[in-house]
Amino acid sequence: MTDARLYLLQRATAVLLAPLVLVHLGLILHAVEAGLSAAEILQRTRGSIAWATFYGLFVLAVAVHAPIGLRNVAREWLAWGGRWLNWATFLMGVLLLWLGARAVWAVVGGGL
């Protein structure tokens, strides 16, 4: 993929991530202020397609956005390039997607 396309893809995911992060932080503040325990939070999220969709989209956007940024940092700071850089950052994206999907399943998946 060309640098221009990666640039656009990272900016597009940033536009998507901004409101997702704000909603996520708002939810954390609400849960803390309401004094919700982890068990109470899980009761509210179990089996919810809406929460699975929200956090699934969050994970997908992070799995695309973060590796592109890491690729740029590795290329600029470490003078790393070529196929190894592309493969390493691709694998980082796959790892983030896998770990994020596991987290979403742990929080939501019990009742789906």
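Biologist: Thanks! Which residues does Phe58 touch, not counting residues up to four places away in sequence?

Modeller: A word on the model: it is predicted, so local features need pLDDT of at least 70 and side-chain atom pairs count only at pLDDT 80 or more, while totals for chains, interfaces and linings use all residues. Residues are numbered from 1 along each chain as its sequence is written, and side-chain values use heavy atoms, with hydrogens and water left out. Contact means heavy atoms within 4.5 Å. Leaving out residues up to four places away in sequence, the partners of Phe58 are Leu17, Leu20, Val21 and His24.

Biologist: What kind of aromatic pair do Trp51 and Phe54 form?

Modeller: Rings of Phe, Tyr and Trp (its six-membered ring) pair if their centres lie within 6.5 Å; planes under 30 degrees apart count as stacked, over 60 as edge-to-face and the rest as tilted. Trp51 and Phe54 both sit in helix H3, 3 residues apart, about one turn of the helix. Their centres are 6.0 Å apart with 90 degrees between the planes, so the pair is edge-to-face.

Biologist: Is Phe54 buried or exposed?

Modeller: Buried means under 20% relative accessible area, exposed over 50%, and partly exposed in between (1.4 Å probe, protein chains only). Trp51, at 26%, is therefore partly exposed. Phe54 has a relative accessible area of 16%, so Phe54 is buried.

Biologist: How do H3 and H4 run relative to each other, roughly parallel or roughly antiparallel?

Modeller: Axes are lines fitted to C-alpha atoms, for helices over the stretch in contact, with angles from 0 to 180 degrees between N-to-C directions. The axes of H3 and helix H4 (residues 82-108) come within 8 Å and cross at roughly 155 degrees. Angles under 35 degrees count as roughly parallel, over 145 as roughly antiparallel, 65 to 115 as roughly perpendicular and the rest as oblique. H3 and H4 are therefore roughly antiparallel.

Biologist: Where is Ala79 found?

Modeller: Ala79 is not a glycine, although its phi is positive, about 55 degrees. At 69% relative accessibility, Ala79 is exposed. Its place is the loop between H3 and H4.

Technical notes. Helices (H or I, at least four residues) and strands (E, at least two) are DSSP runs, numbered from the N terminus.
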